[in-house]
Every structure is written in C-alpha cells, then in structure tokens.
Amino acid sequence: MSVQSPGPLSSHEYDGIREYDNPTPGWWYAILTATVVFSAVYFVFWHASVAGWSIHDSWEDDQRAEYARIFGAVGQLKPDEASILAQMGNPKFMNIARATFIGNCASCHARDGGGDVGVNLCDESYKNVVKIEDLFRVITDGANGGAMPSWKNRLSDNERVILASYVASLRGTTPARAKAPEGQPIPPWPRPAAPVATPPAPK
Ligand code: HEC
C-alpha cells in the first residue's frame, strides 16, 4: 500500500511523537453523506409514509387472492346444518379441507383423524358435539380450555365451514390407529333435505 504524501506536521508533540495533519479523504465523506441521505429517505418511505408496504400487507394481499381463488364462486358459506352437509358432497372443497386438516390438525388428531393428543374424530362418540353445526363451533372457538385450540383468527370462516364438513365426513371411517372413544355416542348426521345446489367450484 502506498503511503499518503505527508502533509505539514501538526504543531503538538507528545513524548517526542509528532503527527502529520492528513485530512480525512473526500471519498470517506462522500460515503458518510450518502448513507445519511439514504437513511433519511429509507425512514421516510418505510416508516413515516403511507407509500411503503410491509410484509404483512403483501401477506394479506396473497391471502385475499388465495381465498378468492378457492372460494370465488360461493361467496360466504353459512356455518349451518344445510351448508355443512352440502359441502360434504363437494369433492373439490373436501380436497382443500383435507389439506388444511393435514396441515393444522393432524399433529393432534392424526392424519386420518384417528386421534392422538386430540380425540378420535372417526368414531361415533363426541365430547363437545351433538349437532353437526357444533363441529364448526368447536373448530372456531376451541374446547377444553384451549386443549383444542380456537381457529377463529387462523382460518377464514369458509375454511372452517368446509373443515367442519370434512371432519363430519371422517365419522365412520377406519383410521390406522383408533384412539379409544371419548364422550357420548350421538345420533347420526341428518341427511341433506333436498339436493342442495352447490355452485361449481372454481378451477
Ligand atoms: C393442540 C392439539 C390440537 C390441534 C392442533 C387440534 N385439535 Fe381438535 N381437539 C384437541 C383436543 C385435546 C380435543 C378434545 C377437547 C376436549 O377434551 O373437550 C379436540 C377436539 C376437537 C373436536 C371436537 C371433538 C369432540 O369429541 O368433541 C373437533 C371437531 C376438533 N377437535 C377438530 C379439530 C380441527 C378441525 C383441527 C384443525 C383445524 C383441530 N381439531 C386441531 C386437540 C387439538
């Protein structure tokens, strides 16, 4: 490395040591100024203006787009008996609900609903469910002081309706490992009164 040409000696001296008066180079000031200006622009754009966007905003946009893609044609599904029964016969929605179940519920209820930490959802006995709508209520609000978590803020209304339908459809299936029944046997689900018109599922 080349040594900068020594400028004039400065006037002070300490223990016989003297130093040259070399100014801080211009490029150093240029970088300093650039970072100060950048930080000001950065702050104003991301923190002090409405123009900046956040990772949460883009997540919400994506979520909205995904809900529109999945549920676009059906609008808001009602969490009532007729609609939960009707969606049991909608293979497209049952596939989606199955994926949601495996992603969120299988850790406690096992992939096939046979039960683990959570109760067996394939047998005839239920702890918190008497009518089919109760499935939606338990999924929405949770049960047993949070042992069964609430999904109100984690899954949309429609997702919870089709999940209730999916869980209803698990009843009577044979899981690989069935946890012993808990709660009380309940009457069978009602049959859909008349064929309920289900809007075509989006492609
Ligand atoms: C952290 C573990 C856990 C997760 C995750 C979980 N559950 Fe549960 N679930 C439980 C437990 C424990 C119970 C039994 C509550 C009780 O004792 O009353 C339960 C009960 C239920 C019941 C009521 C069954 C009955 O017999 O009353 C339904 C329906 C249900 N869960 C569905 C789901 C769905 C759908 C998901 C996913 C969105 C899910 N659960 C995720 C632990 C879990």
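Predicted model: local features only at pLDDT ≥ 70, side-chain atom pairs only at ≥ 80, totals over all residues.
Is G72 buried, exposed or partly exposed? G72 is partly exposed, with a relative accessibility of 48%; the cut-offs used here are under 20% relative accessible area for buried, over 50% for exposed, and in between for partly exposed (1.4 Å probe, protein chains only). Residues are numbered from 1 along each chain as its sequence is written, and side-chain values use heavy atoms, with hydrogens and water left out.

**View 1. G72 sits in the loop between α2 and α3.** Helices in these legends are DSSP runs of H or I with at least four residues, strands are runs of E with at least two, and both are numbered from the N terminus. Now find V37, which is 35 residues away from G72 along the chain. The C-alpha atoms of G72 and V37 are 46 Å apart.

**View 2. The iron atom of the ligand is held by H109 and M148.** The coordinating atoms are NE2 of H109 and SD of M148, at 2.0 to 2.1 Å. H109 belongs to helix α5 (residues 106–109) and M148 to the loop between α6 (133–141) and α7 (157–170), so the two tie together parts that are 39 residues apart in sequence. Donors are N, O and S atoms within 2.8 Å of the metal (3.2 Å for Na, K and Ca); water is not among the atoms, so sites may look incomplete. What geometry does the site of the iron atom have? The site is octahedral, with angles of 88 to 179 degrees among six donor atoms. For six donors, that label asks for opposite donors over 155 degrees apart and all other angles between 65 and 115. Both H109 and M148 are buried.

**View 3. The largest nonpolar core has 34 residues.** Such a core is a set of buried Ala, Val, Leu, Ile, Met, Phe, Trp, Tyr and Cys residues joined through side-chain atoms within 4.5 Å. F101, L135 and W189 have the most contacts inside this core. At least two core residues come from each of α2 (55–71), α3 (81–88), α4 (91–104), α6 and α7. Which helix gives the most? That is α7, with eight residues. In soluble globular proteins, nonpolar side chains tend to be buried together.

**View 4. A nonpolar patch lies on the surface.** W27, W28, Y29, I31, L32 and V36 make up this patch, and together they have about 660 Å² of accessible area. Areas come from the Shrake-Rupley method with a 1.4 Å probe, and for residues only the protein chains shown count as cover. Patch residues have over 30% relative accessible area and no salt bridge; nonpolar side chains (Val, Leu, Ile, Met, Phe, Trp, Tyr) are joined within 5 Å, and like charges within 9 Å. Look for W28 in helix α1 (residues 26–47). W28 is partly exposed, at 41% relative accessible area.

**View 5. R171 and E124 form a salt bridge.** A salt bridge here is a side-chain nitrogen of Lys or Arg within 4 Å of a carboxyl oxygen of Asp or Glu, and the count comes to seven by this rule. The closest N and O atoms of R171 and E124 are 2.7 Å apart. R171 is in the loop between α7 and β2 (184–185), while E124 is in the loop between α5 and β1 (125–126), so the bridge ties together parts that are 47 residues apart in sequence. R171 is buried at 11% relative accessibility, whereas E124 is partly exposed at 41%.

View 6. E66 is partly exposed at 31% relative accessibility, and R69 is partly exposed at 46%.

**View 7. D15 and N144 have positive phi values.** Phi is near 50 degrees for D15, a residue other than glycine. D15 lies in the segment before α1 and is exposed, at 70% relative accessible area. For N144, also not a glycine, phi is near 55 degrees. N144 sits in the loop between α6 and α7 and is exposed at 59% relative accessibility.

Key: Tetrahedral: all angles 85-135°; square planar, octahedral: opposite > 155°, others 65-115°.
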